[in-house]
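Have the sequence and the 3D view ready.

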Amino acid sequence: MKGKRRIALLALALLLGLLVAACGPAPAAAPPAAATPKAAEPTKAPAAAAPSQKGTIKVVSVSPLSGAQSALGEQIKLGAQLAVEKFKKPIEDLGYTVVFEPQDDQASPDVGVAVAKKLVADADVVFVDGHLNSGVAIPSSEVYKDADLAMVSPANTNPKITDRNYANVSRIVGRDDVQGPAGAQFAINELKAKTVYIIHDKTAYGQGVAEFFRKEAEKLGAKVLGFEGTEEKANFDPIINPIKAANPDVVYFGGIYDQGGVLLKQMRDKQVKSIFIGPDGLDSSEIVKIAGPAVVGAYYTTVAGPPSAYPDAADFAKEFKSKYSKDVESFGMYGYDVMRIGLVAIESAIKANGGNKPTRKQVSSAVRAVKDFKGITGTINFNSKGDPTVAKYFVLKFDKAEYPGSVVKTLDVAAP
Amino acid sequence: MPLLEVRNLIKRFGGLTAVNKFNYELEKGTIASIIGPNGAGKTTLFNMLTGVYVPEEGKVEFNGNSLIGRRPDQITFLGIARTFQNIRLFNNMTVVENVLVGMHARLRVSIVHALLKTKRFQEQEQRAKIESVRLLDYVGLGGRGDELARNLPYGDQRRLEIARALAAEPRLLLLDEPTAGMNPQETADATRLIRRVRDELGITILLIEHDMRLVMEISDWVTVLDYGEKIAEGKPEEVRRNLRVIEAYLGKGVASSLTPEANSPRPEVETGFTPPDQAAAPTQNDGQER
Amino acid sequence: MVNRHSISMPFSGGKAPPWARLVGIILYIAITFGLAYSLEDILPRAAEIPLTLFESLAFLAFLGSAMILYYQPIPKVAKLILGILVLLLLMPALGLRNGYYLEVATQVGIFAALALGLNIVVGFAGLLDLGYVAFYAVGAYLWAFFGSTQAGLVLTSIKDFFPLGGEWFFLFLCLGVIVGGLAGILLGLPVLRLRGDYLAIVTLGFGEVIRVMVNNLDKPLNLTNGPQGISPIQRPPLFFMPLLQALGFDLEPRQIYPIYFYLLVILIALIVIFFTRRLDDSPIGRAWIAIREDELAAQAMGVPLVRTKLTAFAAGASFAGAMGVLFAAKQIFINPESFTLMQSIGVLAMVILGGMGSIPGVILGAILVTTLNLQILKALSDWLNAMRQAGTVLNLGFIQYAMKNLPVQLEPAKYERMVFGIVLVLMMIFRPEGVLPASRRKLEITANRETPPEAVSATPPVTGGGE
Amino acid sequence: MQTETVAPTRAVSRGIFSSQMLRTLFAPLGQLAIWTVGTAVVLSLVVLLLALIFRTSSSGVDRFTLVLSILPQVIVDSMVLGFVYAMIALGYTMVYGVLEFINFAHSEIFMIGAVVGAEVLISLSEAKALENFNPLLLILLIIAAGMAVSGLVAVVVERVAYRPLRNAPRLVPLISAIGVSFFLQDLVRMLESIWRNAFYRTYPDVPSFSQRISFGDTLDVSYKSIIVVVAAIVMLLALNYLVGATKIGKSIRAVAQNRATASLMGIDVDRAIALTFLVGGALGGAAGVLYGLRFSTINPYTGFIPGIKAFTAAVLGGIGNITGAMLGGIVLGFLETFGASYLSIFTEGAFGAEYKDILAFGILIIVLIFRPKGLLGEVVGERA
């Protein structure tokens, strides 16, 4: 009985709270930003100074900000944030407030879809910079597609992302069916590997790229001694033992650094001397922290070259560092470029729409219409599927226990 | 042919033989008691009769069916219902529902009928409910059907347990200390009820009891267990005079100092051994029943 | 008896006459709906004002109206009309305004049905099942397999049949019930003899086993496509499209589907509620509860333990199977990540929070946990984020805290587990019976004899009274 | 609870050095050795036999040489894992023995130990103090830190979340324990996030631990593995002494036998239970440190899977039985490592290490169904 009454009271309290909240200008925050040293923050100042006449435009980043992969996701978010801060001016000049909303998909498809639905429901959201994981991007983009919401991916390399031919889904990175084979070609042609052993992390991404690696390796005549998946995060003993027995020339790991680093370290601990290669999931400074000296000699392929590979990127890297006191990594650069493309597209869509707020569809087509965009990661044009017409692939090697490795090979490959 | 026939029943727990080579016959229509000090194996015996324990050896026949290897619910279906030493009601169900659960063995139910609420199902439910209310009236709980079982006073809980057991329409009713913890008035009521159940419903009754007055007053036949063995058996007055019985209860020295002619068990005998049984019951009932 | 209906209304005392209650509830619905609908326009936009948070709370209050309605002793017709109004009219209207509301409502419906299924197992029969989500996965993969090209990869000789058309969805919804139930029996048979706490761990293990299997059964035979997941999965057909067009609604499928799924979910959830109530009020339901209360006594009363537990397992699992089919169709894409232990624990938290064995309680639990997860925690995160970006400084009088210094890791949305954990512990310690505890049904036959007529009339005759 | 099989009660009165005493203390060691060797031999024979029967794989690889070449390594890895499981399993089994309750949160106690160990090592390494430390001292320091914090957390958890529920129906404390488990995961994550802005922690390299002893090509034992095994054995002996031969142990055993009676005998039941949690938690914490040391990365969710497996080990050995838990841990470590190492060799990749985790669940289910007593324990089935 008491319970029911309590519920009713709760409901009442809630309602009253809402009424109060709705009537009185709310809460215990001290709004005058000008009174604080943070007034110089670029985000705040214009919004406060010149409230827009034409409404709000929201651009978002969606990436894992929590969990194992938050180190990668955080880069995307910070890159995008920097881009918004630096390049929102033209749109604000057109009379709109630009708001940046970083979202967390927790690297989970369920959360990703829920976030996508939330974004779609917010009419102000016109551009999505995300996701990190293909397994999340694929179901989420189904939601974006129903709303024509433009999504450009800074990281998803799974072929399926663009192979569905959705007009609103694009990416500025390469594809697993190029990256995996590129790794295989490098291993077999350059490193002269005869035998390979493949491990993957049982995620859509890791297993996907591992399978492309296997196909290409078999095609090139290398012998695949093993192909195993594991969700294990710590104890790789039972996986390493058969590798040790098989003694392959190359061990390829399809997956993310949080597992890859540990695997590598334990492999070296057990005196497995095979060459270690992985995809762009290993492309993070964390792998050096995890594997320590064991990282030396390992290779990784990536679609995102290190700042040193891009001449324009040096200034950006400096700015990033000074702003967030963190070194920029490749996904930060891609997150930054994607957001810039988004802002450019929004601006042109507004102009094409006679200064009125563009529809999502208009923004989506404006994204595809972006021509010869000079990003810090290269010049970008989209093909009809949404892939960049030409994508760069890098092979890097850790010469010492320091991130990033040095570039040993660069490939320009047209999208298939 | 006796209603219940037990031959050579043995139950061991580890090294301890709880019931040893127990033989027993129970005729239809009797009220029989099993007495004995704590740990004598009475409840173990009940648990074997109702299928909770599987005996190591021996056979149990009820009404021509062997009970060995049958599950408790199957034995209930054959016509044996029981109550428990420490009341085991379904505390968070209403009084009527407790009785309805007692009818479970007799209700033919299928999920489909319940989901579709077919006419047959409704009629059956209606009949069951009417009967439950009647049973509650019978044991003197009329009008309390919608209370939660746990809210009943102690004596009424005992009665409800009997009503619940009666709902199974048993031929044999096993009562495990039906008056334990009752005051004299409640005990008298319970005694009357037990007798009525036999006389009016024709149900054979086997009870475990520590209250000697009750046992002597109500029983047609008394069996005494000690350390798992039957040490005496007979009409109440015979058992009362049996020296081994007195020894078992009071120890050798005391027994020899007592005259066998004592009219009734002394009050110390009644109360002397009931409390420990009750004291440990709430927390340690599991161990207790072994 | 009388108490049972004495839930006090937000706008009146405990003993208000029915008309006042009616007015009250209508007012309540109107206000919460209005707030959820128009807060967006009312509130000024500023980083410091948690608009989405207020919206979520308003929406939660609106969702709660269905619960409050349920407890009102107002004429049944009025309840029915208001219920239909809330669920079938106002909710879709909110959905058209803000699609996320509809998504949340749909998820609430899905989780309510799941929680009701788990409630049979945990709440009624007292069997702690920590792998409940396995049955949900079974249903989801059942439809995903046949409703996509996946089946064609395995059954190569008849691969042209796949994907099965959307109209098969409805058949599979029924198949989901059966397959889920069978899975429940298969799982239950070996483990139901175990004592309660062991059962919990073993079911947890089974849940993991199913997830790992699904994740790995892309070889040797590609049944599940492993971690890549299966997509696209067929959706049920819009067979009523012509009717809508005839009525002059010219809507695109993508506008219709959210509402369509919402209605489907509500329909199924209602069926589940209906069935659960019927089971609860049958010998089977009583046997479940008897087993929960005292296994030994139940058995001694003629309740066959294993069979009764199996029916509970199967009944719970069959609901999950059906919801799984629906989930697959709604998501279009499924992969093993959707069927983790966290999901099982989330559903368990709903059951425990609301009240084990209490049907309205469990629904309330589903509403609270789902909105908390999907809306409130996220809204809090967004709010903190906005303040952080805007450089807000909190003025607490004696201390000034610059939001910018708040660690990014401290976002409420990330601490789902913590919330579940706290809910479970606090509920167990302070209110193990839940927010809305189960109350046993009164029986009309005794009610007629024993209670004043006024109370009886408040009891709907068909079901024998409110829960 | 069968602790009396571990140690006769009268041991104390005979003085510390009596032969009875020594037998009490070291009998489990012998048992442990027998089981370890026995399991290793049996499993090795099984895989070798299988390899002989199915000698050539479809691609022409000789399975026998393949199997044989890694066998020593597999056995060593099995032992390491087995001892870690054994130490975690002790926490489950002790609490179960005393309270008949599955302490679901024990896996998080283990995790907390691992995190504390990592933080101590990281702090030392950041302070550049690692080199100056005597390696032995360092080991003792981090294990002690992990034990202290874990033991303390276990006691607090018992006080806050279990004690109020001690007389509640069985499922109530279990649900509370599940809640605690999830709460602790996120709590650790939150604290680490605030403090370190990251919650994936890596044990820094300590050069003196990273050395290895090589026996030719096939076997290579790192110091870390040796540390794990030795530390585990020392802990197990210490526990054995504590439970079997001290007053504390006696009070714990008394409470396990019969709480009501123990309390009548003047034993402080609450204190004995708290001590049980302290000891079990400390062992879990030590196991966490060793686990982290050996496998290097940990996070707030590290505990869950090893926890479940250790629980399986406890059941396998006969829950409530201390020696059983150790043996169960060993056996499970062997089964898991053998299974995962060799499955893919025999199935040619169709099934492999990805089924490693569900192997333990499979064993759990099979044990519970067919031998609920475990290897040496009490009956698990429902009491009447």
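Here is a short tour, starting with how to read the model.

## Before we start

This is a predicted model, where local features need pLDDT of at least 70, side-chain atom pairs count only at pLDDT 80 or more, and totals for chains, interfaces and linings use all residues. Residues are numbered from 1 along each chain as its sequence is written, chains are lettered from A and ligands numbered from 1 in the order in which they are written, and side-chain values use heavy atoms, without hydrogens and water.

## A buried glutamate

Find Glu55(C) in helix α2 (residues 51–71) of chain C; helices are DSSP runs (H or I, at least four residues), numbered from the N terminus. Glu55(C) is buried (under 20% relative accessible area; exposed is over 50%, partly exposed in between, with a 1.4 Å probe and protein chains only). Yet Glu55(C) has no salt bridge (a side-chain nitrogen of Lys or Arg within 4 Å of a carboxyl oxygen of Asp or Glu): Arg97(C), the nearest side chain of opposite charge, is 6.3 Å away.

## Rings in pairs

Over all chains there are 42 aromatic pairs (Phe, Tyr or six-membered Trp rings with centres within 6.5 Å; planes under 30 degrees apart are stacked, over 60 edge-to-face, the rest tilted). Tyr70(C) and Tyr71(C) are edge-to-face, because their planes are at 85 degrees, with centres 5.3 Å apart. Tyr71(C) is buried at 8%, while Tyr70(C) is partly exposed at 30%.

Phe170(C) and Phe239(C) are also edge-to-face, at 6.2 Å and 65 degrees. Phe170(C) lies in helix α7 and Phe239(C) in the loop between α8 and α9, so this pair ties together parts 69 residues apart in sequence.

Definitions and conventions. Helix = DSSP H or I, 4+ residues; strand = E, 2+ residues; numbered from the N terminus. Lys, Arg positive; Asp, Glu negative; His and termini not counted.
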